[in-house]
Amino acid sequence: MSKKRARLTKPTAQHRDPGLEEVMTGTTVFNVPFPADLSTLKGMSPLVIRFPYSVEYLHSYGQDSPFFAGLANRKLLGTRCGPCQYTYATPRLHCPACGRETDWTELPQQGRVHTFTTCYYGSEEFLKETPFHLILVEFDGVDTLLLARLIGVSGPEEIRIEMKVKAKFRRNSQLKTTDVYFVPA
Amino acid sequence: MVSGGVSKFAKARPDATFQKMVKEAFDHALGDVPRLKTDRIDGSVASYFSDHFTRQLMAGIMATDYLGLCPKPNKRIEGGGATGGLCFQAAWESVASGRMNCCVAFGFETMSRVQTWKGNEFIALASDVNFDYPVGGFYSGYYAMMVNRHIHEFGTTLEQMAMVSVKNHGNACFNPYAQKRKRITVQDVRNAEMVAYPLTLLDICVMSDGAAVCILADEETAFQLTDRPVRITGVGTGTDMMRMADRPRGKVILAPNEKESDYRNLTYPGVHSFRAGRSAALQAYRMAGITDPLREIDFVELHDAYTSSEIQTYEDLALCRYGGGGRFIEEGHPFLPRIDYGMKLKKKGTIPVNPSGGLIACGHPVGATGLMQAVFAFWQIQGTIGRHFGSGELQLKKAERGLIHSHAGTGTYVTVSILERGW
Ligand SMILES: [Zn+2]
């Protein structure tokens with residue numbers, strides 16, 4: 001910009017250069033070093049910034065909603081395909097074998113451990129709950145399994161496959177599948 | 001397949017964006033086929049698993065434009081841990097259908113962008129978020145449940161599982177691209193920190209940043225580009241229900257070398273076996289004309305996210321009977337004949353499995369993993385391991401036909417592809 005033109009556009013009290021207002025929000029570093037010699041830039045260490053991210057969903061359980069309503073009422077529901085004579089412990093409204101719609105049915109509240117583990121680490125959301133015990137529960141007369149927490153044991157040495165377990169329900173429902181959990185029967 | 005390239009897999013690559021890592025692998029692959037100019041490439045396929053890791057939607061096109069492959073066709077392929085294997089097959093489909101003469105499959109993942117336990121959460125979101133994830137979503141936990149049932153059904157031992165880790169870490173000592181290169185013992189594996197009983201830290205693969213590229217072409221183009229192309233003679237893809245809880249308990253899908261009487265009292269797949277893996281293998285075997293995989297395949301690069309899943313996969317691939325996976329490793333069959341693992345093995349080297357070190361030692365940057373396996377298998381068959389790894393310890397004497405296996409979820413998507421010497 002020439003000196004002459006610069007003089008012409010000199011800001012006045014009423015008319016200033018447009019620009020963002022300087023604020024401290026989001027500023028984490030001041031005086032970022034920068035070399036005079038641009039050919040050294042490829043050796044610069046990478047800049048890593050924090051970037052938090054959170055979302056609130058309106059998550060619908062859709063056709064599976066009765067299962068969660070059941071848990072809130074101390075009922076364990078599965079679904080049954082009459083024609084296939086096949087009962088799903090984890091509910092599905094349509095039978096993948098024949099494509100027909102299934103019917104809701106109450107599951108027994110006693111079952112057996114099909115398999116298990118104890119988690120000493122976990123996803124961030126569950127880290128504070130470690131160690132916790134996961135089991136797949138099998139029920140008499142039911143063809144598929146249900147994933148649940150096992151409470152009331154202290155380690156994997158106290159869990160064995162085939163061991164009998166019974167369902168318990170949270171008094172204050174969170175409308176999550178963890179509203180039901182199992183304890184040794 | 002005419003060429004392949006990989007970036008070194010590392011715990012973190014803050015020095016590069018995903019586009020730059022893909023570019024490294026792409027240039028690595030192009031460097032091996034100087035006759036291939038980018039104007040001969042008809043299009044590309046992108047492989048990456050989670051949008052959460054990049055916090056970038058449509059990352060595929062950003063890599064495509066970085067590589068200079070616009071305005072040619074590109075699309076993204078995604079299927080959890082099997083993303084790379086699915087992408088490899090998508091590139092094969094592009095060429096086999098006649099749509100393209102030359103197609104690039106590229107894959108990447110940038111897992112270091114979040115803390116490890118957040119990363120585990122992202123991975124666990126690849127399980128049913130209504131019924132599985134809220135209970136304590138954690139893939140190591142899911143695999144631990146599956147192997148506990150495998151142990152119950154078949155008597156598989158924790159020491160047999162640990163041997164897988166010893167083998168794969170041992171192999172990786174000679175693979176400069178591997179993330180973890182160290183000699184360990186069965187005791188080291190069992191003494192390592194428990195993650196999900198019975199899986200310890202050394203039974204489980206690690207998260208990585210990395211990229212891999214495979215370049216596929218039709219036969220005529222291939223021979224114009226290289227004297228040693230590798231032919232893809234079989235592809236198979238299997239699926240299974242997302243929730244382990246829903247898996248049926250029926251009959252084994254028999255491989256050509258099995259009979260019904262082998263499995264009188266076994267319900268299948270239950271949660272102890274991967275029906276998708278068996279299904280993928282049988283499709284690929286049929287296409288490649290393989291009836292006795294143990295004898296007709298020279299080596300295998302399989303998806304060993306867990307030591308347990310490597311054992312389960314020996315069985316799915318019919319390298320041994322269902323239930324025989326533990327004994328298969330104990331006897332030494334999947335070890336490399338010439339590597340010293342510090343243990344006595346009776347039948348070492350029948351069919352080397354994961355000569356590269358597998359996911360357990362190389363790392364598992366999800367979208368790159370399946371393509372990395374293809375690159376390592378390609379170099380094995382070409383006989384160029386020595387040149388690429390800087391030493392020939394891992395080069396197999398007979399490597400004319402290899403199998404690559406990519407695996408997602410708790411066995412929800414599995415791909416098997418057969419690669420053979422094509423010259
Ligand atoms: Zn039905």
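The following legends describe close-up views of a predicted model.

**Figure 1. Interface between chain B and chain A.** In this predicted model, 38 residues of chain B are in contact with 45 residues of chain A. About 3,700 Å² is buried between the two chains, and carbon and sulfur atoms give 63% of that area. On the side of chain B, the residues that lose the most area to chain A are B:Phe131, B:Val135 and B:Met145, which together account for 19% of what that side buries.

**Figure 2. Polar contacts and composition on the chain B side.** Between chain B and chain A, 23 residue pairs are in polar contact, both residues being at pLDDT 80 or more. The elements of chain B that give two or more residues to the side touching chain A are helix H5 (116-124), helix H6 (133-136), helix H7 (139-154) and strand S5 (194-196). H7(B) supplies the largest share of that side, with 7 residues. Sorted by class, the side of chain B that touches chain A has 21 nonpolar, 7 polar and 10 charged residues.

**Figure 3. Salt bridges across the interface.** The rule finds 3 salt bridges across the interface of chain B and chain A. In one salt bridge, the side chains of A:Arg92 and B:Asp246 meet at 2.8 Å, N to O. 

**Figure 4. A salt bridge between two strands of chain A.** Over all chains, the count by this rule comes to 32 salt bridges. One of them joins the side chains of A:Arg112 and A:Glu138 at 3.1 Å, N to O. A:Arg112 belongs to strand S4 (residues 110-119) of chain A and A:Glu138 to strand S5 (residues 132-138) of chain A, so the pair ties together parts that are 26 residues apart in sequence. A:Arg112 counts as partly exposed, at 21% relative accessibility, whereas A:Glu138 is buried, with a relative accessible area of 8%.

Figure 5. The side chains of B:Lys20 and B:Glu24 meet in a salt bridge at 3.0 Å, N to O. Both residues lie in helix H1 (residues 18-31) of chain B, 4 residues apart, about one turn of the helix. B:Lys20 is partly exposed at 32% relative accessibility, and B:Glu24 is partly exposed at 25%. A salt bridge of 3.1 Å, N to O, also links the side chains of B:Lys23 and B:Asp27. B:Lys23 and B:Asp27 are 4 residues apart in helix H1 of chain B, which means that about one helical turn separates them. Relative accessibility is 26% for B:Lys23, which counts as partly exposed, and 36% for B:Asp27, which also counts as partly exposed. Elsewhere, salt bridges that share partners join A:Arg92, B:Asp128, B:Arg243 and B:Asp246 into one network.

**Figure 6. Helix H11 of chain B and its surroundings.** Helix H11 (residues 275-288) of chain B has 14 residues and, at 1.5 Å a residue, should span 20 Å; its end C-alpha atoms are 20 Å apart, which agrees. The buried residues of H11(B) are B:Ala276, B:Gly277, B:Arg278, B:Ala280, B:Ala281, B:Leu282, B:Ala284, B:Tyr285 and B:Ala288. These buried residues pack against strand S8 (230-239), strand S10 (268-269), helix H12 (293-296), helix H13 (307-316), strand S12 (401-407) and strand S13 (413-421) of chain B. Just after H11(B), B:Gly289 takes a positive phi of about 70 degrees.

Notes
Residues numbered from 1 in each chain as written. Chains lettered and ligands numbered in written order. Heavy atoms only, no water. Contact = heavy atoms within 4.5 Å. Buried area = accessible area lost by both parts, 1.4 Å probe. Salt bridge = Lys/Arg side-chain N within 4 Å of Asp/Glu carboxyl O. Polar contact = N/O pair within 3.5 Å; in protein donor to acceptor, adjacent residues only side chain to side chain. Nonpolar A, V, L, I, M, F, W, Y, C, P; charged D, E, K, R; others polar. Buried < 20%, exposed > 50% of the residue type's maximum accessible area, 1.4 Å probe, protein only. Expected span 1.5 Å × (residues − 1).
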